[in-house]
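I opened this entry to keep track of what I looked up, one topic at a time. The notes follow the order in which I went through the model.

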Amino acid sequence: MTPRIAAQSWRLTPKIGFSGFFQSSKNKIAITNAIKVKNRRICTWNTFRLIKGWKVNDKVEQSEASKEAIKWFTEKINYSLKKIDDHFSKFRISDALMLVYTLIRDEFSGWYLEAIKPAYQQPIDRTTYDQTLDFFDKVLKILHPFMPFISEEIYKLIEDRNHKDSIMVSEMPAFGRVHRQILKDFEDAKEIIAAIRNIRQENNIAQKESLHLAITSNESDYDGKYLEVIKKLANIESLKYVSRSEEGAATFMVKTTQYSVPLGDIIDVEEERRKLEEELNYNRGFLRSVMKKLENENFINNAPEKVVAMEKKK
């Protein structure tokens, strides 16, 4: 009755009960989001194909961005394992499911892989590749209680294993002490990257165009981390420390530190002014056409009330 992979979502419900689980809107979202089925393909398959599609070169040195990303995700998976264990011990199955979903989709398949992936058609270094496979192995074991079939299949494909070697009887990854400061520092880095991407979107700057980032601080006083990850994910060509931001630069704050992106050499001021004037003239013309309708007594008296109300709303 159900697709082979889609059926996995139903394996979860006997553990927590149909009625109580699906009455909660939060749990509906958890199931809907966590089990993404489209043409019988799951997001973990896309992650698997991406990783196994990379070419590995033993002579390539590990980048600083990869080192930083591995340091962060080691703590992230450690933290997640501790939280999941706590959720299970308190029978908060839906909370555990949402945490697993976020860990795989947002943190591993999103931030981590984006930070370590090689440039287009370029190889990846051996150290980063092996560590990524180890992370993927752990992620699959965490996912297995919720999606046993797909995790079992990928588990046997990520490396050569004995046919009797099953993820079902493997040990859940252990967790240790969590260094929360490392996690907090990476969250700050995420904010910086997101802010720079917003600047690109607001100013129609393509991702392929590199930017310069200025930090309003002394280099010796600045305690920000993951600068190489920021430079890679935000496509920052250079980074410098300044006493104040340049005039005309796009600025933003993260915690108590101000950052700025100079736009003088990137944005054509005259072209942007021309676009704004065109938009202004269009809006003025639109306003005139609406006002003519509303000033026309025949239109007001004969048009349906809904149509008149819509014109007034414009």
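Predicted model: local features only at pLDDT ≥ 70, side-chain atom pairs only at ≥ 80, totals over all residues.

Core. I began with the largest nonpolar core, which holds 69 residues, and I noted F73, F108, Y112, I196 and F252 as those with the most contacts inside it. Helix 6, spanning residues 93-116, gives the most to this core, with 13 residues. I then listed what Y112 touches once residues up to four places away in sequence are left out, and found A69, I70, W72, F73, E107, T128, Q131, T132 and F135.

Helix pair. I next asked at what angle helix 6 and helix 9 pack. The angle is about 80 degrees, with the axes of helix 6 and helix 9 (residues 180-202) 13 Å apart. Angles of 65 to 115 degrees count as roughly perpendicular, and helix 6 and helix 9 are therefore roughly perpendicular to each other. On the helix 6 side the contact is made by E107, W111 and E114, while helix 9 supplies F186, K190, I193 and R197.

Turning to helix 8 (residues 148-155), I found it mostly covered, with six of its eight residues buried; the buried ones are P148, I150, S151, E152, I154 and Y155.

Strand pair. Finally I checked strand 3 (residues 211-216) against strand 4 (residues 236-242), and recorded that they pair in the parallel sense over six bridges, with Y241 in strand 4 as the bridge partner of I215. Together with helix 10 (residues 227-233), strand 3 and strand 4 make a right-handed β-α-β unit.

Definitions and conventions:
Residues numbered from 1 in each chain as written. Heavy atoms only, no water. Core = buried A, V, L, I, M, F, W, Y, C linked by side-chain atoms within 4.5 Å. Buried < 20%, exposed > 50% of the residue type's maximum accessible area, 1.4 Å probe, protein only. Helix = DSSP H or I, 4+ residues; strand = E, 2+ residues; numbered from the N terminus. Contact = heavy atoms within 4.5 Å. Pairing = 2+ DSSP bridges. Right-handed = clockwise from strand over helix to strand, strands pointing away. Axes fitted to C-alpha atoms, helices over the stretch in contact; angles between N-to-C directions. Parallel < 35°, antiparallel > 145°, perpendicular 65-115°, else oblique.
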